[in-house]
Amino acid sequence: MANAEHSVPGTLQSGRTPRPALVKVWDPFVRLFHWALVGFFAAPSLLKGPPRDPDSLCLKTGAVGHTLVLVDKSDPWSEVQAGRLKRLVKQLGETLPADRMLSIYVFNDVFEPGFPPLLSLCNPGRTASELIGNPRRDYLRWVEKFGRPLDEALSVLTQPAKGNLSPIVEAVGDVASRPETRVREGDKSLVLVSDMLQNSSQFTFFGSAPGARDPERLKRLVGKVWQDSNARSWQLQVHQVQGVYEPQRLEQASSLWQQALRGSGIPFVWERL
């Protein structure tokens, strides 16, 4: 009778090479160590946040939305009105969403196309490392980058000025048409602070010359400038300042401007500062 081959329980069959049980046990720990190592080297860049332009503090890919404040300093304001302007702009800066750009432009009677901004910065927001770090230290860093330049701009913004002309429409067309004021994503808001008493060769609320205070002429001018400069893509907010003029003249300017904007199909919000 032939001898039958029997396998003894607990022993290995001939030719089989089993995976050691110890390796199976350590597999999860090896994977965990691998991802921990990846996280260790990736953490600094993740906590630091995405790359930004060192001057504007905007993302290298561009700002996400833009709030542009355009201030008419062709006529003097009272201290009360200057204080209101400061509070308005400071509120815009303090509530600005992260990665959104805030620009402040100031014009007077001597209008020069391409006049530079008083300030143009993005709110850098807070990085992950700042949120889990020292809040006091991180707030001071934010102030240094964004808050202090804003305060310095406000101190210049509220200084009194005076001029003979007020080229409001021309200034709007100039800033709205610039490549540097455009953004690839997000909305654009144009905040216009002025007494709205346009006074230039194209239209004026003063004097008795033909075309002065002509609603149709203002409507044609506004429609053309908004169309040519792409200002229609901006959300318009007007904050009318009383300045040194009587309420009746300001009310007339408000009425004619609102007629012109509505007649040109331009949405707007109108408030008194």
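Select Arg-100 and Thr-67 first: in this predicted model, their side chains make a polar contact at 2.8 Å. Arg-100 sits in the loop between helix H2 (79-94) and E2. Its relative accessible area is 8%, under the 20% cut-off, so Arg-100 counts as buried.

Next, show what surrounds Arg-100. Leaving aside neighbours within four places in sequence, Arg-100 is in contact with Val-64, Gly-65, His-66 and Thr-67, with Leu-121, Cys-122 and Asn-123, and with Asp-187, Lys-188 and Ser-189.

Now colour the chain by secondary structure. The protein chain has 7 helices and 6 strands, and from the N terminus the order is α-β-α-β-β-α-α-α-β-α-β-α-β.

Then select Leu-70, Trp-226, Trp-257 and Leu-261. These residues have the most contacts inside the largest nonpolar core, which has 35 residues. At least two core residues come from each of strands E1 (64-72), E2 (101-107), E4 (185-194), E5 (235-240) and E6 (268-272), and from each of helices H5 (168-176), H6 (215-228) and H7 (247-263). Another core, of 21 residues, lies apart from that one; to find it, select Val-71, Leu-96, Leu-154 and Val-193, which are among its members.

Return to Trp-226 and display its contacts. Not counting residues up to four places away in sequence, Trp-226 touches Val-172, Ala-231, Arg-232, Leu-236, Trp-257, Leu-261 and Ile-266.

Of its 273 residues, 40% count as buried. Among contacts with a separation of 6 or more, 76% join residues 24 or more positions apart.

Terms used. Residues numbered from 1 in each chain as written. Predicted model: local features only at pLDDT ≥ 70, side-chain atom pairs only at ≥ 80, totals over all residues. Heavy atoms only, no water. Helix = DSSP H or I, 4+ residues; strand = E, 2+ residues; numbered from the N terminus. Buried < 20%, exposed > 50% of the residue type's maximum accessible area, 1.4 Å probe, protein only. Contact = heavy atoms within 4.5 Å. Core = buried A, V, L, I, M, F, W, Y, C linked by side-chain atoms within 4.5 Å. Polar contact = N/O pair within 3.5 Å; in protein donor to acceptor, adjacent residues only side chain to side chain.
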